[in-house]
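Trainee: I've just opened this one and would like a quick tour. Can we go through it by question and answer?

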Amino acid sequence: MFQPTKDFLKGLWKQNPAFRLILGMCPTLAVTNMAVNGLAMGLATLFVLVASGIIISIIKGLIPSKVRIPCYIVIIASFVTLADYFLAAFYTDIHKVLGLYIPLIVVNCIILGRMEAFASKNPLLNSIADAFGMGLGFTWALVLLGSVRELLGFGTLFGATLLGSWYPGMLVMKLPTGAFITLGLMIALMNIINEKVRSTAQ
Amino acid sequence: MNETIRLTLTLTIICILSAVALSFVYENMNPIIEENKAIRLKAALKEVIPLADNFEEAKEISNPEGIIYIFKGLKDNRIIGYAILSEALGYGGDIKILTGINKDREITGIKIMEHLETPGLGARIEEEEFLDQFIGKPEKIDAITGATISSTAVIDTVEELISSINIEFN
Amino acid sequence: MSNLITIFIAAAFINNFVFYRFLGICPFLGVSRHIKSALSMGAAVTFVMVISGVSTWLIQNHLLDRFGLPFLQYPAFILVIASLVQLIEMYLKRYHSDIYKTFGIYLPLITTNCAILGLALLNSILKYNFTESFVYSIGAGSGFTLALIIMAGIREKLEIAPVPKPFRNIPIALIIAGLLALAFSGFTSLRFG
């Protein structure tokens with residue numbers, strides 16, 4: 001298979017940052033009370049991943065190893081600032097909900113991890129593929145988690161009412177407890193699926 | 001020594017480039033952000049003083065404790081109401097309430113601007129059913145079951161506001 | 001004074017960084033398997049939080065605000081934090097090697113601990129003055145340490161429990177964290193005057 005395709009695909013499932021690598025837990029728990037918030041955070045993280053990956057892959061030869069982490073961090077922080085201002089200007093409601101967690105994308109271990117493990121050592125196209133795969137993998141994980149919590153908590157999905165007004169809503173899903181438990185159950189589910197896939201493959 | 005210079009120089013260059021890029025982004029985005037804020041404020045003011053066609057901040061009134069700002073609602077250049085942003089201490093933090101008052105000291109509109117109350121419980125202070133009770137000259141306002149602290153905070157603060165606010169109409 | 005006490009209690013219990021604000025989850029899950037390592041990480045994080053909280057406060061108020069550079073907040077804060085962690089590591093390695101050994105590999109990991117950056121940003125968002133930021137940093141670090149220790153105590157017992165295979169390690173830890181979050185949400189009814 002074309003190498004960049006492989007690099008892209010691994011982030012979607014096998015090395016899904018949220019469910020398998022267990023990275024970026026803070027935003028995963030914090031903004032998934034509704035599906036649209038998970039989507040926004042995922043896309044913002046995707047943007048920072050790809051943008052930083054491009055820059056760092058291009059200038060990787062110019063950055064001395066000893067000072068690489070501070071350099072990566074400044075580049076990542078700059079793109080996060082850009083995303084922050086973009087959301088504040090054009091998607092104010094989402095910006096308000098995501099709040100503190102937008103700047104925390106800077107220390108999302110997914111980004112620094114991919115820069116360090118991949119973008120700094122691989123050609124541009126592969127780095128873009130890797131960043132895209134990881135970003136999309138993270139995004140669908142957040143959307144899935146957000147959808148479950150929104151459906152059970154509010155009875156809606158992306159704002160559209162799915163369960164009728166008879167549904168009283170589950171308060172726990174809107175609170176931190178629901179976040180922790182849903183994510184825990186989801187990772188356990190992913191583990192079960194993976195085990196099934198592995199044992200049937202053997 | 002040479003290595004240290006190279007390390008410092010690389011980091012410094014990257015910092016400078018980032019700073020320049022970001023200041024450029026800021027110059028272009030900030031006006032849009034400020035404009036959005038102004039639009040949202042105007043919409044909120046119109047919501048609480050529906051008959052007004054223009055608004056001005058009433059900087060000349062000295063704000064007592066707990067009041068963040070006061071806006072004059074104007075129609076044909078005459079003051080028909082005041083919109084006051086006050087702070088209440090709720091369950092999870094401060095609740096910012098925008099209240100519109102006309103010259104008969106009746107409430108023409110009320111809007112919860114910001115709050116940190118629990119979703120599904122205290123956050124129900126945003127519900128129309130609760131807020132509609134305030135319109136006019138309310139005698140008694142019912143608190144929300146299951147959200148006593150949040151709703152009584154709002155009720156008490158608005159009552160205090162109506163009785164103590166020092167505003168003029170002429 | 002009572003204001004400072006309120007800030008501390010709020011930071012440590014009511015608005016606990018782990019169970020209410022979802023900060024520092026990665027180290028919380030990663031280092032909470034044994035009480036000893038939990039204590040070390042908690043102490044290291046509190047230490048870094050106080051120093052970086054104060055430093056970023058100074059930079060925000062005397063540099064960024066004074067010269068009108070709000071757009072440099074994120075790069076400036078994270079650079080300061082990364083540098084501080086580096087400096088603290090070098091200092092401890094040289095002059096207090098016993099403490100350095102206790103903190104071990106946790107120290108460099110603290111740079112990407114979102115609780116540190118989160119704390120720095122919250123000081124700015126909540127508009128705390130210098131003393132308030134200082135107290136808030138201590139409270140936040142204490143709350144984080146508390147969460148870590150409670151979790152470690154439970155997970156140590158969990159080692160010998162028959163946990164189903166798919167749930168081992170992370171999933172069961174998350175579910176327990178959820179129950180702890182529920183317990184901590186009881187603190188929200190703590191009110192002062």
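Trainee: Which residue takes a positive phi in the hairpin of S4(B) and S5(B)?
Mentor: First, this is a predicted model, where local features need pLDDT of at least 70, side-chain atom pairs count only at pLDDT 80 or more, and totals for chains, interfaces and linings use all residues. Residues are numbered from 1 along each chain as its sequence is written, chains are lettered from A and ligands numbered from 1 in the order written, and side-chain values use heavy atoms, leaving out hydrogens and water. Strands are DSSP runs (E, at least two residues; helices are H or I, at least four), numbered from the N terminus. The hairpin has four residues between its strands, and the one with a positive phi near 60° is B:Arg105.

Trainee: How many bridges pair S4(B) with S5(B)?
Mentor: Strands pair if DSSP finds at least two bridges between them. The number of bridges is six.

Trainee: And which residue of S4(B) is opposite B:Ser86?
Mentor: S3(B), residues 78–89, also pairs with S4(B) in the antiparallel sense, over nine bridges. Opposite B:Ser86 is B:Ile97.

Trainee: Why is S4(B) called largely enclosed by the rest of the structure?
Mentor: Buried means under 20% relative accessible area, with exposed over 50% and partly exposed in between (1.4 Å probe, protein chains only). S4(B) spans residues 94–102, and it is largely enclosed because the buried ones number eight of the nine.
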